[in-house]
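Biologist: I'd like a close look at a single part of this model, then a walk through its surroundings. Please keep it brisk and spell out your cut-offs.

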Amino acid sequence: MNIVLLSGGSGKRLWPLSNDIRSKQFIKIFKTENGGYQSMVQRVYGQIKSVMPDAEVTIATAKSQVSSIINQLGEQAGISVEPCRRDTFPAIALAAAYLADVQKVDVQEPVVVCPVDPYVDDDYFCALKRLGEQAASGEANLVLMGIEPTYPSEKYGYILPESQDSISRVRTFREKPDEQTAREYIKQGALWNGGIFAFRLSYLMDKAHELIDFSDYHDLYGKYAGLKKISFDYAVVEQEKSIQVMRFGGQWKDLGTWNTLSEAMEESCIGEAILEDTCDNVHVINELGLPVLALGLHDVVISASPEGILVSDKERSSHIKPLVEQISRQVMFAEKSWGSYRVLDADDYSLTIRVTLNSGKSMNYHSHRHRDEVWVVTSGHGRAFVDGRIRNIRAGDVVAMPVGCCHTVFADTELKLVEVQLGEGISVSDKEKHQIRPDSRCFGGADIRGIYPVQVNEELAYRIGRHYPEIIGIGKAGAGQGKIAVGCDVRLSSSALKKALIRGLTETGCDVVDIDRCGTEMMYFAVAHLGLAGGIMVTASHNSGEYNGFKLVRQGAVPVSSDSGLKELEQLCTASLGEDGCKDARHGNVQSWDILNEYAEHILGYVDASKMRPMRIVVHAFNGMAGAVLDVLEGRLPFEFIRLGCEPDGSFPCGVPNPMLNENRELVSRAVREHHADMGIAWDGDFDRCFIFDEEGMVIEGYYMVGLLAEAFLAKHRGARIIHDARVYWNTQDICRRHGGEAVLCRSGHSFIKEKMRQLDAVYGGEMSSHHYFRDFACCDSGMIPWLLVAELLSVRGLPVSQLVNERMALYPCSGEINTRVESREQAEDIIQRIEAEYGAGGRIDRTDGLSVEYADWRFNLRSSNTEPVLRLNVEARGDRGLLLQMTNELLVIIRS
């Protein structure tokens, strides 16, 4: 069922808490179970989801309220935005077109339209559900909800039903009457008209096309300003012959005045206030942070906010609107999509405001022509971006922005600051928005990654969406051919980037399968499993929270890398976007898809769960998305999970989501020992890599994991090919010989490994960097399949993890990867040449990936990083740790001299 909530209001009747920007439905006065407060819109949305969890909610509103809705509900509800106010029929028609053309709702589905701000119990929403079901039955084109009146009100119109049945045909309608006429209506069995309607979507779309000349949602939106102002009652309800009304006798209040609002308050005071015992029926709402004292008052409401102070007799409070209209001053408080602000002080040459940015939010990148600004950070931390330069900021820092400079701020946590504006004629209109242009430095060889919002931002995401279809062959010439999977990790900026990316994709005519928050491998799986044309994951993997980026694949989950389209995408995205770009007349469809259970079923297919023995396993997700997968797997496997950092949280309270860091490894090691666990597992942020710890808390290096997984696969697929990288591989080759497999050398990097696996139909490929690839997983890497296979090996062989690998570590000791920073890539190449001249003559040289030199008892690989001026050295030996140390030290002396 689809529910459309009408959110309007100018904010006069509940002054000073409401204003032209903050209408009554956004005032937080209703107490929650945790002791906080929620607004009407939050309360109603929560009630809908409690009674009808599967209901899709869309809010029809004006532009001025969008920021407040996003601030209070996030991305939970759809929003149909009116470009300007045109009364309820145009608003409902636009919302219906939004459902049909943007959300792609089946036109036979029922839609219920109701106000956003009734004060009701849950039985009202149960009645809404029945109202929608009645509309779906087709007995009438239009079904209204009539409220059984509790007094003769002059505020509502009246519905006169043909009978007193719970559902009846409508006899007639009556306008808002005077009190005496209202009494007569009630005697005739009339019901209040609460503005609640239900219909099939097809009915309203037909009506809209009958009364308005438009083709689709986007056409209607463009013509909206020219539409006639007319109510839904006049345009549709009173003209309809096939119409029913359903009675509702439960609690229903319109909290449109201070008198009715105070009746709904659970406590007499909200905010800092003291009422003397001599007060009776007095309510105080104080947002100023200054104490309010009340003595000897009766039937009074007191409200204080940055907008002003109201002291009123409750009965007289309904008459404040004409008095409020005499007040002319700037808005003193407002909610924005990024947080809120409050004016502290204002004079002719300065304005001081307190700004609160919510965690993960940022302002627009903007400048001012006539004023300087200064920020003083009072709490939290984030990043300021001023004229192209970024700096970290925290409590006590001061940021100065002279007139004309471009600036924004991003909140890594809730960030509070005091902003002082200095200049003559300070005005809200003195603001020029700018785009942060895409930065080509974020394009790498295998993905796109950089600091948000300086290098990676919504504009770049949008441009990727506009040009990616062309890169994978469904662009200008064939827009809309095929669907694209889009997922995102838990980072604070990921949701906004995903939204911009989807907007770009759908504007080219592409359909999108939105799998929402997930791990990167779940995007790979969705593309392969659902047979999609491609996929994009918004993630920065193991990087810290200020980073974000994109991983892209084409059909079959084949990666898009620098040699297969990523370089071309960079050129398209960093060039100026043409006026038309690659837009298509057809807007693509967005389909939400929960891929988790299908994905979990697939990865469990790699093991025999019946062979698993009970185990205690420490799991650390570092606040990434792995925890959500464990929730599904836990009931299917005989394991006790000791959970660390398994709550997805984009602020990463457990630290940088990178298990390669020593401090992070120590957290897992200590937990394994403390809980006497059979093993430990740690994942990076998008869980495409896992790291295994033995029962003593020692991490198993990725090199030995490759051999362990090769053994696991060769036990099931004897004679299969195993792909390995060039850094260290003697152990892997030995295991393949022992178990009847064929080891194949390949250049490191996911695109090379995956390509080689597809060419040779290899069952498994592994890198010492802990990336593991699986043929039946579209040759993609997974951070979940490896630990499942290790757990199966432990169960079948009855050995602890340490005994599975210690023998191999003794047979083929390795140095691990040792990094040395150099001044430039040219210097790195000079060093590699010197090493080759020194050691190449006596050994066998291989240049599959950098420089490899092999002797009878030891070998090494030295290669330059693709992304930074760093040399990476790996050394291994045959059973001689002393020789390993000797040769490692010799090489490092030359490299670092």
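Which residue forms a salt bridge with R721, and how far apart are the closest N and O atoms?

Modeller: The partner is E742, and the closest N and O atoms of the pair are 3.3 Å apart. A salt bridge here is a side-chain nitrogen of Lys or Arg within 4 Å of a carboxyl oxygen of Asp or Glu. The pair links distant parts of the chain: E742 sits in strand β43, R721 in strand β42, and 21 residues separate them. E742 is partly exposed, at 39% relative accessible area. R721 is partly exposed as well, at 31%. The cut-offs are under 20% relative accessible area for buried and over 50% for exposed, with partly exposed in between (1.4 Å probe, protein chains only). Shared partners also join D725, R727, E767 and E817 into one salt-bridge network.

Some ground rules. This is a predicted model, with residues numbered from 1 along each chain as its sequence is written. Local features need pLDDT of at least 70, side-chain atom pairs count only at pLDDT 80 or more, totals for chains, interfaces and linings use all residues, and side-chain values use heavy atoms, leaving out hydrogens and water.

Now the sheet around your pair. Five strands make an open sheet with mixed pairing, in the order β43-β42-β44-β45-β46. Its edge strands are β43 (742-746) and β46 (780-781), each pairing on one side only. Strands and helices are DSSP runs numbered from the N terminus: E for strands, at least two residues, and H or I for helices, at least four. Two strands pair if DSSP finds at least two bridges between them. Strand β42 (residues 721-725) runs parallel to strand β44 (residues 764-766), with three bridges between them. In that pairing, I722 stands opposite Y764 of β44.

Helices pack on this sheet. Helix α18 (residues 702-716) touches β42, β44 and β45 (772-774), and its direction makes about 170 degrees with that of β44. Contact means heavy atoms within 4.5 Å. Axes are lines fitted to C-alpha atoms, for helices over the stretch in contact, and angles run from 0 to 180 degrees between N-to-C directions. Helix α20 (residues 750-760) lies across β42, β43, β44, β45 and β46, at about 140 degrees to β43. Helix α19 (residues 730-738) has the buried residues W730, N731, T732, D734, I735 and C736. Just after α19, G740 takes a positive phi of about 75 degrees.

Strand β40 (residues 679-683) and β41 run antiparallel, joined by four bridges. I681 faces I692 of β41 across the pairing. In a regular strand the side chains alternate between the two faces of the sheet. Strand β41 (residues 690-693) is covered on both faces: C690 and I692 on one side, F691 and F693 on the other, are all buried. Six residues lie between the hairpin strands, and F687 takes a positive phi near 45 degrees.

The side chains of D688 and K551 meet at 3.0 Å, N to O. K551 is in strand β35 (residues 547-554) and D688 in the loop between β40 and β41, so the pair ties together parts 137 residues apart in sequence. Both ends are buried: K551 at 10%, D688 at 1% relative accessibility.

R643 and D631 meet in a salt bridge at 3.0 Å, N to O. R643 lies in strand β39 (residues 639-644) and D631 in helix α16 (residues 626-634), so this pair ties together parts twelve residues apart in sequence. R643 is partly exposed, at 31%. A search of the whole structure finds 48 salt bridges.

Five strands form an open antiparallel sheet in the order β47-β51-β50-β49-β48. Its edge strands are β47 (818-821) and β48 (844-846). The twist averages 15 degrees from one strand to the next. Seven bridges join β50 (residues 858-864) and β51 (residues 870-877). There N861 has N874 of β51 as its bridge partner. Helix α24 (residues 881-896) packs on this sheet, touching β47, β50 and β51, at about 160 degrees to β51.
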